[in-house]
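Hello,

Here is the structure I promised to pass on. My notes on its aromatic rings follow below.

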Amino acid sequence: MTDFLWGTALSANQAEGAYQTKGKGESIIDRLPAGKDRFKVIEEPKKFAKQEFEFYPSREGVHFYEHFREDIKLLAKMGINALRLSLSWPRIFPTGLEDKPNEAGLQFYDEVFAELAKYDIQPIVTMNHFDTPFYLSQTENGWASPKTLQAFLNYAQVILTHYHKQVTYWIPCNEINMAKHLPYIGAGLQEINEKTKAQAIHHLLLANAATVKLGRGIDDNLQFGCMLAAGDTYPATPSPDDVLLALQKDRENLMFTDVQVRGAYPSYYLAGLEAQGIDLEVSEEEKRLLRDNTVDFVSFSYYNSRMCSATNEKELQQGNAFATMKNPYLKATQWGWQIDPVGLRITMNTLYDRYQKPLMIVENGL
């Protein structure tokens, strides 16, 4: 199949390093330490904002910034024809609020894309892979503020205009449902509660639709996707209560793709907000924006499936940001992440049956 994309992936915050090199600003991930302190900071970022830790992995990465040419040459030897990567938002707009982009940042990605083209490797570019400028997190409470939405659209306008001839496939936001599950990483929130999460999610979904609109105005050959941290939830037993809970757990994540593919908030999500006393104000203009600018493809990460019980949530264990019951039919890694290759097939069937859009597995492990 000549049109099949077969590749691998990296993200700016994990790979590049070059912390603050040539004008790069600080991202939210640049403030996350390694080891046991990491989740402590993720859960209470404001509490630890001024504390210094021993090691910050994103500041070093794997030195892709210095070694991208030899790294890409090695990737080409693997025979791939696609690389999913991300741009560092603060490498191009250090605080997010500058009037003009950092030219050194733009030049770096010009060189990366030229190197990929040399080996006929198609870039699939994520615009914001947990890379919200830390300044916006600190001063605006991240994506809870419309200022962050506008800052992102300014960034999107610049990179789409600058790179539209080098890049066909674009993903505005990595694992957008992490705004619900890990709101500091997913949305740069310092003040975390259900209301700020709902507001941040709304701004992220508007950003995705507005970016699609911008891109199609610049070049109608561009393709845009959404990106979900995916993995189906199994009921622990055939009990209808367990089956219903599993459906509800899946809906918590599928809501994000429902909006981006179908173009409107599902009633079950709005009813859930209302039950919490949260009034999500969506203007008619915003409804039109979401409706008229849906995505071309659905991309997702898959690491493991999950399991739940309506009556017994004991023995919960971690599984890539999602707590889950132990599934007796699956082996697990030393981290407790359950290994479920059949679950990948189930997830793909779920997403395709629901949306009938091309699928991209853009992260996968175990």
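A residue counts as buried under 20% relative accessible area, exposed over 50% and partly exposed in between (1.4 Å probe, protein chains only). This is a predicted model, in which local features need pLDDT of at least 70 and side-chain atom pairs count only at pLDDT 80 or more, while totals for chains, interfaces and linings use all residues. Residues are numbered from 1 along each chain as its sequence is written, and side-chain values use heavy atoms, leaving out hydrogens and water.

Now the rings. Searching the whole structure gives 18 aromatic pairs (Phe, Tyr or Trp rings, the six-membered one for Trp, with centres within 6.5 Å; stacked under 30 degrees between planes, edge-to-face over 60, otherwise tilted). Trp89 and Phe152 are edge-to-face because their planes stand at 75°, with the ring centres 5.4 Å apart. This pair bridges distant parts of the chain, 63 residues apart: Trp89 is in helix H4 (residues 89-92) and Phe152 in helix H7 (residues 146-163) (helices are DSSP runs of H or I, at least four residues, numbered from the N terminus). Trp89 and Phe152 are both buried.

Tyr265 and Tyr269, by contrast, are stacked, at 5.6 Å centre to centre and 15° between the planes; both are buried too. Ring pairs also join Phe64, Tyr65, Phe68, Phe108 and Tyr109 in a cluster.

Two arginines are worth a look as well. Arg31 lies over the face of Phe134, 4.1 Å from the ring centre, and the charged end of Arg59 sits over Tyr56, 3.8 Å from its ring centre (NZ of Lys or CZ of Arg within 6 Å of the centre and within 35 degrees of the ring normal).

Best wishes

Methods: Helices (H or I, at least four residues) and strands (E, at least two) are DSSP runs, numbered from the N terminus.
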